[in-house]
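Thanks for asking me to look this one over with you. Here are my notes, written to be read with the structure open beside them.

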Amino acid sequence: MKFFRSSSNRTAAPAVPQKLTRRSSGMGEISRLLNSEEGLCVLDLGSTSASNIRFFTDKGHKNYSEDLLHSSLDAALRIQDVAGNWVVDSKTFMEENLVYENAQFDVVLCWNLPDYMEESLVKPTIDRLWSIMKPGGYLLTFFHTRDAGPDSICYRYHVTGTDVLEMQEVKFAPPGRPASDKRSPRLQRVFNNRHIENLFRDFASIKFFLARDAIREVLVVR
Amino acid sequence: MDAPQTGEGAHIGKSVVIKGELSGSEDLYVDGNVEGKIELRNHSLTVGPNGNVKADVSAKSVVIQGKLDGSVNASDRVDLRKSAVVTGDVTTQRIAIEEGAFLRGKVDIQKEAGKAAGPAS
């Protein structure tokens with residue numbers, strides 16, 4: 001696993017947010033499930049997206065939105081450990097987020113959350129997702145490959161077609177900074193395949209889809 | 001323009017704080033603080049940009065520009081404007097969400113018999 005800790009100089013972002021698209025094999029598989037069954041519960045862990053809500057509710061499914069990356073950057077979660085280091089209070093985070101009944105969701109869209117989330121939150125989050133997903137449920141997540149650098153742009157994903165995602169840069173105010181000081185979250189690390197398999201070892205199966213844009217799509221079945 | 005014109009509905013200004021149950025048979029614009037429950041049945045609720053509502057809401061249509069913490073049940077439609085921050089479940093026939101709106105909760109589109117649900121936009 002490759003970690004990115006130090007900061008680096010960034011080039012100025014374009015004034016107008018760019019929206020790119022990508023084909024998603026993982027989303028294509030999930031779409032097949034969404035088209036074949038009714039009344040599924042879908043949990044979208046990205047930023048609130050009208051496109052996604054429309055895509056799922058138009059098919060008669062229930063859409064749950066919870067912007068977990070945004071929640072993880074809450075300044076109130078920053079605490080000092082016994083050594084005086086600032087750390088994220090993962091216990092409080094898990095008490096306040098992903099609070100659902102067990103086996104509630106048929107589909108979970110994690111997007112690129114594990115790559116940008118604080119290290120200490122990743123495993124507890126995946127464990128919680130295992131609990132709140134139904135057996136046989138699908139989880140889609142994206143991991144950067146080693147070709148990605150620490151300044152890889154953090155995107156939010158809008159589902160615009162069966163296997164088409166529109167990508168839009170995400171910017172948040174870092175903890176302790178004014179709301180107007182929005183920046184793209186930094187890529188925290190790059191997982192290798194073995195780490196990804198370990199992360200999802202409690203799940204029934206895992207499938208990798210390689211893409212040309214330094215992203216591995218991972219479709220996991222609970 | 002979402003603020004009601006004079007005589008077109010009730011208006012709760014931004015300095016007003018209400019705790020309790022609000023019900024009525026006219027449109028309501030809330031730009032202040034309301035905590036409890038809001039029930040308007042066949043009328044619309046607008047939460048203005050300064051509005052901070054901690055209540056379960058039931059109305060024909062609901063427009064949110066400010067903050068709402070509670071469930072929303074709208075028999076017709078829900079509009080989340082770009083400044084909206086909503087924590088709670090939304091049940092409605094149609095929903096429109098502007099870029100920048102924040103929603104944490106469930107969206108359940110209840111289709112009326114014989115009609116298709118309108119899209120989120």
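1. A word on the ground rules. This is a predicted model, in which local features need pLDDT of at least 70 and side-chain atom pairs count only at pLDDT 80 or more, while totals for chains, interfaces and linings use all residues. Residues are numbered from 1 along each chain as its sequence is written, and chains are lettered from A and ligands numbered from 1 in the order in which they are written.

2. Chain B overall. You will find 11 strands and zero helices here, where helices (H or I, at least four residues) and strands (E, at least two) are DSSP runs, numbered from the N terminus. Along the sequence the pattern is β-β-β-β-β-β-β-β-β-β-β. Of the 121 residues in chain B, 36% are buried; a residue is buried if 20 or more other C-beta atoms lie within 10 Å of its own, exposed if 12 or fewer, and partly exposed in between, with C-beta atoms placed from the backbone. Among contacts in chain B between residues at least 6 apart in sequence, 7% join residues at least 24 apart; contact is taken as C-beta atoms, placed from the backbone, within 7 Å.

3. The A–B interface. Here 15 residues of chain B are in contact with 12 residues of chain A. On the chain B side, the elements giving two or more residues are β10 (90-97) and β11 (102-109), and β11(B) provides the largest share, with eight residues. The chain B side divides into 10 nonpolar, two polar and three charged residues. In that scheme Ala, Val, Leu, Ile, Met, Phe, Trp, Tyr, Cys and Pro count as nonpolar, Asp, Glu, Lys and Arg as charged, and the others, Gly among them, as polar.

4. Helix α1 of chain A. The 12 residues of α1 (residues 25-36) should span 16 Å at 1.5 Å a residue, and the end C-alpha atoms are 17 Å apart, which agrees; the expected span is 1.5 Å times one less than the number of residues. Its buried residues are A:G26, A:M27, A:I30 and A:L34. They lie on the same side of α1(A) because they cover an arc of only 90° around the axis, the arc being that of the directions from the helix axis to the C-beta atoms. A:N35 and A:S36, on the other side, are exposed. The cover over the buried residues includes β7, β8 (133-144), β9 (155-161), β10, β12 (205-210) and β13 (215-221) of chain A.

5. Helix α6 of chain A. This 14-residue helix (residues 119-132) reaches 21 Å from its first C-alpha to its last, close to the expected 20 Å. Which of its residues are buried? They are A:L121, A:V122, A:T125, A:I126, A:L129 and A:I132. Seen down the axis of α6(A), these fall within an arc of 130°, so they line one face of the helix.

6. Two backbone spots to check. A:L98 and A:A103 both sit in the loop between α4 (90-96) and β7 (105-111) of chain A. Phi of A:L98 is near 55°, positive in a residue other than glycine, and A:A103 also has a positive phi of about 55° without being a glycine. A:L98 counts as buried because it has 20 C-beta neighbours inside 10 Å, whereas A:A103, with 14, counts as partly exposed.

7. A:M167, in strand β10 (residues 164-169) of chain A, is partly exposed, with 18 C-beta neighbours inside 10 Å. A:M167 and A:L20 are 147 residues apart in sequence, yet their C-alpha atoms are 4.9 Å apart. In chain B, B:G66 lies in the loop between β6 (52-64) and β7 (67-69) and is buried, with 22 C-beta neighbours inside 10 Å. Leaving out residues up to four places away in sequence, B:G66 touches B:V47, B:G48, B:P49, B:N50, B:G51, B:N52 and B:S83.

8. The core. The largest nonpolar core has 84 residues, of which A:V108, B:L45 and B:V62 touch the most other members. Such a core is a set of buried Ala, Val, Leu, Ile, Met, Phe, Trp, Tyr and Cys residues joined through C-beta atoms within 7 Å. β6(B) gives the most to this core, with seven residues.

Notes: Contact = placed C-beta atoms within 7 Å.
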